[in-house]
Amino acid sequence: MPLNPHTKLNTGAIMPTVGLGTWKSKPGEVEHAVETALRHGYKHIDTATAYSNEAEVGKGIKASGVPREDFFLTTKLNNPDMGHPKEALEYSLQQLDTPYLDLWLMHWPAPMTKEGGPDKSIDWLDTWHEMEKLYKTHPDKIKAIGVSNFCVEYLQRLLDNSEVVPAVNQIELHPSCPQQAIVDFCTSKGIVVTAYSPLGSDGSPLLKNPVVNKIAEKHNVSPAIVLISLQANRPNVNVLPKSVTKERVISNFQLIDLSDEEVKELNDISKTESFRACHPKWAGWGNLGFTEAV
Ligand code: A2P
């Protein structure tokens, strides 16, 4: 299958196929990763208030010297901020030192208290309506809104009760977590899907998987490139490999076409080896409609 040249949002904006993920990228590491990425062709940087690295991502952007209008920037509304999204938006803009976001996502449909438990006084749908209002009243600050970690059931509730169709649903996607039903649903509704943790996150067994390694050897690339390319080969999907290692940031951008047979072999991995790097249960709201397996 051919690589996606890019994905197109329901706003008409173009979203690059590959972006730099920064979940778990610590201050002290992430500035250089962002600078390296932007200097080596990446046109999308993804962060989140929850990652506690927006300020340093902003520094990396400045250090790269790449003009703001030349790349796509995403951040996410943090779970404990779901009762006051306007303040949270201003905080993100200030931390990132940017006048606008290309994409602002609800990080999880899971309001949380400052102490870290579920905040049952807030309905995430009300927060989405607040995000819609901010999007409409501040087009200079927010170019698109979307969601993250939404299953089909939650997306359907949102679509049935809202005016703005999310531009994006950002979810975990890799061969051990293919979530094809969510991808298909999003595609049918014009929602682009962004894949996070395409390598399976820290310590992933996928990098040692024999099928992944066999295909990597055949193409003379790293196993990481096979895994990132798999997502970039899926229609309507773009992908966020995370690395703070200079050589990996650079090499992860060099994607390859995979044959239909290779894609099938990679997809079959989930039949025997299935896991989530980020389980929805962490937020204290149960499974958030996700199935235990994938
Ligand atoms: P590091 O950031 O130390 O370079 P994911 O994108 O699925 O979240 O995976 C991120 C994890 O994979 C991190 O531990 C990252 O390490 C590691 N990683 C990123 N790129 C590569 C690569 N090309 N080869 C091996 N490991 C990689």
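The legends below describe close-up views of a predicted model. Local features are given only at pLDDT of at least 70 and side-chain atom pairs only at pLDDT 80 or more, whereas totals for chains, interfaces and linings use all residues. Residues are numbered from 1 along each chain as its sequence is written, and side-chain values use heavy atoms, with hydrogens and water left out.

**Figure 1. Salt bridge between glutamate 35 and arginine 39.** The structure holds 14 salt bridges, a salt bridge being a side-chain nitrogen of Lys or Arg within 4 Å of a carboxyl oxygen of Asp or Glu. In this one, the N to O distance between the side chains of glutamate 35 and arginine 39 is 3.2 Å. The two residues are four positions apart in helix 1 (residues 30-39), and therefore about one helical turn separates them. Helices (H or I, at least four residues) and strands (E, at least two) are DSSP runs, numbered from the N terminus. Glutamate 35 is buried at 18% relative accessibility, whereas arginine 39 is exposed at 51%. Here buried means under 20% relative accessible area, exposed over 50%, and partly exposed in between, with a 1.4 Å probe and protein chains only.

**Figure 2. Lysine 86, glutamate 90 and tyrosine 91 in helix 3.** Lysine 86 and glutamate 90 form a salt bridge whose closest N and O atoms are 3.9 Å apart. Both residues belong to helix 3 (residues 85-96), where a spacing of four residues places them about one turn apart. Lysine 86 is partly exposed, with a relative accessible area of 39%, and glutamate 90 is partly exposed at 29%. Tyrosine 91, also located in helix 3, is partly exposed with a relative accessible area of 39%. From tyrosine 91 to glutamate 132 the C-alpha to C-alpha distance is 18 Å, and the sequence separation is 41 residues.

**Figure 3. Salt bridge between lysine 271 and aspartate 268.** The closest N and O atoms of this pair are 3.2 Å apart. Lysine 271 is exposed at 65% relative accessibility, while aspartate 268 is partly exposed with a relative accessible area of 27%. Elsewhere in the structure, salt bridges with shared partners connect Lys86, Glu90 and Lys141 in one network.

**Figure 4. Surroundings of the ligand.** An oxygen atom of the ligand lies 2.7 Å from a polar side-chain atom of serine 243. For arginine 248, a side-chain N or O atom is 2.8 Å from a ligand oxygen atom. Serine 201 places a backbone N or O atom 2.8 Å from an oxygen atom of the ligand. Taken alone, the ligand exposes 570 Å², of which the protein buries 84%; these areas come from the Shrake-Rupley method with a 1.4 Å probe.

**Figure 5. Serine 197 and serine 201 in the loop between strand 8 and helix 7.** The loop lies between strand 8 (192-196) and helix 7 (210-219). Most residues other than glycine have a negative phi. Serine 197, although not a glycine, has a positive phi of about 50°, and serine 201, likewise not a glycine, has a positive phi of about 65°. Serine 197 is buried, with a relative accessible area of 10%. Serine 201 also counts as buried, at 19% relative accessibility.

Terms used. Near = heavy atom within 4 Å. Polar contact = N/O pair within 3.5 Å; in protein donor to acceptor, adjacent residues only side chain to side chain.
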